[in-house]
Each structure stands twice: as C-alpha cells, then as structure tokens.
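Welcome! Let's take a short tour of one protein model, looking at how some of its parts pack together.

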Amino acid sequence: MKLPLYGIGTYKLVEDSVLRKVVSAVLPLGVRLFDTAQWYENEALLSQILTEELPKHNLTRNDVMVVSKVHPRNHGYENTRSSTLESVSHFGYIDMMLVHWPGMDGADPASMPAMRAGTWQALEELKREGKIRGIGVSNYTVSHLTELMGYTTTGPPAVLQSEFHPRFHQREVREFCTAHEIQFMGYTPLGRNDLAPRSAVQAVASRHNITPSQVLLKWALQQGVVTIPRSSNPGRCVENAQSWVDGVVLGERDMEELNAMEDGHRYCWNPDLL
C-alpha cells in the first residue's frame, strides 16, 4: 500500500479545540493522511475528532489514512502486540503502523537487535490478522534496515519515516528505500522554523510569490517524499496544505539552490548512535 504524498503531523496536539480546528481546516483541501503515535498521547482524541468531523465533509474512516507508531518503551513482541491492539481499538484499524525508534531507554544495546526483531514479528502477525494494513519503521538507519531485512517474513517495510529537509537529505537511506521499494516519509520538513528565514528559501519564495514554508514543502513533495508538516495554527495548516494543491512547481534552479543548503544538520534525534 502507498500513502498519499501530503498529510499532517499531530505531535504535541493534545487539546481537543486545537486538533479539531486543524483537522477541520485541512479536510476541505483534500488532506487525507494523519500522522500520530503512541508517544504523542493523542490517538484516542484524533480518532474521536475524525469520527465527528468526517461526516461533515461526506467522508468516512475509509477515506482517510492513519499512521501511528509503537512507543520505544513498547519494544519487544508482547509489549508491541498489546500496545498496538490498544492503538487499533481507537481507530478500528491502523492503516500504517511504524516502529517509532530503533532503541529503547535503559536497554542494553546488545539486547536491541532481538527486541527489534520481536517488535517486527508482532507487527507482522497483526498485519496478517487484519488489525493493521501496513507496517514500517521510523528513524531507522541503513544498518537497522539491513538487520530487519535479515529476519522479516513479509518483505521490506512499506514505509520509512525519518527527518528530511534541505539541510539533511538522507541520500544513503533514500537510496536504500528506492532499491527495496520502501516509501520514504519525511518529518520536520520546515526545520523547526529555522529554514524559512534563510536567503535561498526567501529567494525562491519571492520568485514564485509563495511563502517560505510552501517552498520547503514543495522541495520535499517534488522529490516524491511523503511530507507531514505540523502546526497548531489552522491558518498555517491551510497555507501549508496549499503547497500541495496550488499548481506551482519549483524549477531546476530553485531545487539546486535549495539542495545547496545541505550540511548534514539534524534538528531531531540521531539514530546513528544506536
């Protein structure tokens, strides 16, 4: 299964009034992908809001896709199975369940390969049982992916979600994904608001009469990367979503200028250390 190219992230959106306004703002623009996680503690809230808001737009649960993730503390077969079943209970089914992180706080690093294998085995079983429709991973490096390929019984993960923006291109990981037909999904596409003021982004925005955020999102979308910006501001969510539907296409010069920003900088966690 393939995810739509554009969706919204819900990290830290834990208040009903905030998340509801965000969901209501993007549904009319055709956004059908919603990214959550056990770690975010908003699965039940997102489910309730979708249940109440979808009918207002003549939509049903089957018209949207929900991505969730196994909390790092729930690594291992038993914990993954029980926690994922709880996630499933909120939505009826999960479209794509990911392993959120290749490590686990306090765990002996030597034990993690077996823990990751148990986690994956549980997800494979739940997929066969129809509880979840697709399985994947998040924040895995090429080393972690290669390890997974040694024990998977259902083929490569359908999705790899990882940090992606003009300062961090993830070339090696994305080449692995292409070779194994893994859909790459990028988070933090706006670089925690650090990228928009930069001269290269501003220049492209001025050239096309669009906002810097729209430039950054288009840069990712035009490379076929599933992109999930997050904002608690409904107006900003609409602005971001318009980058997907406004018909503006960045040219070769634009992409080259943005690509030149690459310096290997991460705004989030570094799984290379695991």
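## Where two helices meet

Let's begin with a pair of helices. Lys-21, Val-22, Ala-25 and Val-26 in α1 meet Pro-234, Cys-237 and Val-238 in α9, where contact means heavy atoms within 4.5 Å. By class, this contact of α1 with α9 has 6 nonpolar, no polar and 1 charged residues. Here Ala, Val, Leu, Ile, Met, Phe, Trp, Tyr, Cys and Pro count as nonpolar, Asp, Glu, Lys and Arg as charged, and the others, Gly among them, as polar.

The axes of α1 (residues 16-26) and α9 (residues 234-245) come within 9 Å and cross at roughly 30°. That makes α1 roughly parallel to α9, because angles under 35 degrees count as roughly parallel. Axes are lines fitted to C-alpha atoms, for helices over the stretch in contact, and angles run from 0 to 180 degrees between N-to-C directions.

## About the model

This is a predicted model: local features need pLDDT of at least 70, side-chain atom pairs count only at pLDDT 80 or more, and totals for chains, interfaces and linings use all residues. Residues are numbered from 1 along each chain as its sequence is written, and side-chain values use heavy atoms, with hydrogens and water left out. Helices (H or I, at least four residues) and strands (E, at least two) are DSSP runs, numbered from the N terminus.

## The buried side of α1

Which residues of α1 are buried? They are Leu-19, Arg-20, Val-22, Val-23, Ala-25 and Val-26. Buried means under 20% relative accessible area, exposed over 50%, and partly exposed in between (1.4 Å probe, protein chains only). The cover over the buried residues of α1 includes β1 (8-9), β2 (33-35), α2 (43-53) and α9.

## A buried glutamine

Gln-161 sits in strand β6 (residues 159-163) and is buried, with a relative accessible area of 2%. Its side chain makes a polar contact with the side chain of Asp-35 (3.1 Å). A polar contact is a pair of N or O atoms within 3.5 Å; within protein, one must be able to donate a hydrogen and the other to accept it, and residues adjacent in sequence count only if both atoms are side-chain atoms.

Lys-12 lies in the loop between β1 and α1, and Asn-193 in the loop between β7 (183-187) and α7 (199-208). Lys-12 has a positive phi of about 70° although it is not a glycine, and Asn-193, also not a glycine, has a positive phi of about 70°. Are they buried or exposed? Lys-12 is exposed at 57% relative accessibility, and Asn-193 is exposed at 56%.

Definitions and conventions. Parallel < 35°, antiparallel > 145°, perpendicular 65-115°, else oblique.
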